[in-house]
Structures are given as structure tokens and as C-alpha cells.
Amino acid sequence: QVQLVESGGGLVQAGGSLRLSCAASGRTLNTMRVGWFRQAPGKEREFVAAIGWRWPRVVTDYADSVKDRFTISRDNAKNTVYLQMNTLKPEDTGVYYCGGQVDGTYNYWGQGTQVTVSS
């Protein structure tokens, strides 16, 4: 059984930084494309960033709203994907989820971690 567990959320002032972690068990993360999504109150879940393989390279993708501020990375030894978030803005507030994608579908989700950015 695959489990994803997010951590690292919290309250931070605008301009600050946080690093989120997505730790996996039951499957190695480098066999999946792993994405970060977020959901603000009253809004739909939206894509933030993803990391995967396009042989022979690791490929990352970002939403336009977070490019140049967020960085997604993976530590295969720890079976963990990270989301480094810099220059945070109040509009980055939301619950952040990591998801594991296999065969084009996000089959696995974590429980989410709250990020709150105060102005």
C-alpha cells in the first residue's frame, strides 16, 4: 500500500520561505511522477509543481504563478520529494498536497499540510 505523508507547512510572513516534504512508503517515488497541488479556501485544487523522468533526465514543471520562486526536488535515498518555497505571498496560502502519478493518473495522495502566508 502506497502512503504519502506531507510535512513542513506552517505560518510565515510574506517574503519568507518554507520547505515542504512528501515522504513515501510502499513504493519508490522515482517510479512515479510526483506533483504538488494546493487548495485555497473556496477554490479548486490547483497544480503547483511536479517532478518525473523523461529518460534520461529528471524533468520538472511549474505553474506560472510559482516559477522562479518554488523549486521541486527529490531525494531518492530518503524516498522523499521536497518543495522549496521562497518569496512567499499571501496568495500562496492553502493546503498543499502531494500526489503520485502512475500511467497518467494521480492515484495516490497525502493528507495535506497547511501553509499560511500573512501579509
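User: Where is Trp53 placed?
Analyst: Trp53 sits in strand 5, which runs 46-54. Strands here are DSSP runs of E, at least two residues, and helices are runs of H or I, at least four, numbered from the N terminus. Ground rules: this is a predicted model, where local features need pLDDT of at least 70, side-chain atom pairs need 80 or more, and totals for chains, interfaces and linings use all residues. Residues are numbered from 1 along each chain as its sequence is written, and side-chain values use heavy atoms, without hydrogens and water.

User: OK, the core. Which residues have the most contacts inside the largest nonpolar one?
Analyst: Trp36, Val48, Phe70, Val81, Leu83, Met85 and Tyr96, in a core of 27 residues. A nonpolar core joins buried Ala, Val, Leu, Ile, Met, Phe, Trp, Tyr and Cys through side-chain atoms within 4.5 Å.

User: Which strand gives the largest share of this core?
Analyst: Strand 3, with 4 residues.

User: What does Phe70 contact?
Analyst: Leaving aside neighbours within four places in sequence, its contacts include Val48, Tyr62, Leu83, Met85 and Tyr96. Contact means heavy atoms within 4.5 Å.

User: Back to strand 3. Why does Ala24 count as buried?
Analyst: Ala24 is in strand 3. Ala24 counts as buried because its relative accessibility is 15%. Beyond four places in sequence, Ala24 touches Gln3, Leu4, Leu29 and Asn79.

User: New topic: Thr93. Where is it found?
Analyst: In the loop between strand 8 (80-85) and strand 9 (94-102).

User: And what does the Thr93 side chain reach at 2.9 Å?
Analyst: The backbone oxygen of Pro90, and the backbone nitrogen of Val117, also at 2.9 Å. Those are polar contacts: N or O pairs within 3.5 Å, one able to donate a hydrogen and the other to accept it within protein, with sequence-adjacent residues counted only if both atoms are side-chain atoms.

User: What about phi at Asp68?
Analyst: Phi of Asp68 is near 75°, positive in a residue other than glycine. Asp68 is in the loop between strand 6 (57-62) and strand 7. Asp68 is exposed, at 83% relative accessible area.

User: And Thr87, what's its phi?
Analyst: About 50°, positive although Thr87 is not a glycine. Thr87 lies in the loop between strand 8 and strand 9.

Terms used:
Buried < 20%, exposed > 50% of the residue type's maximum accessible area, 1.4 Å probe, protein only.
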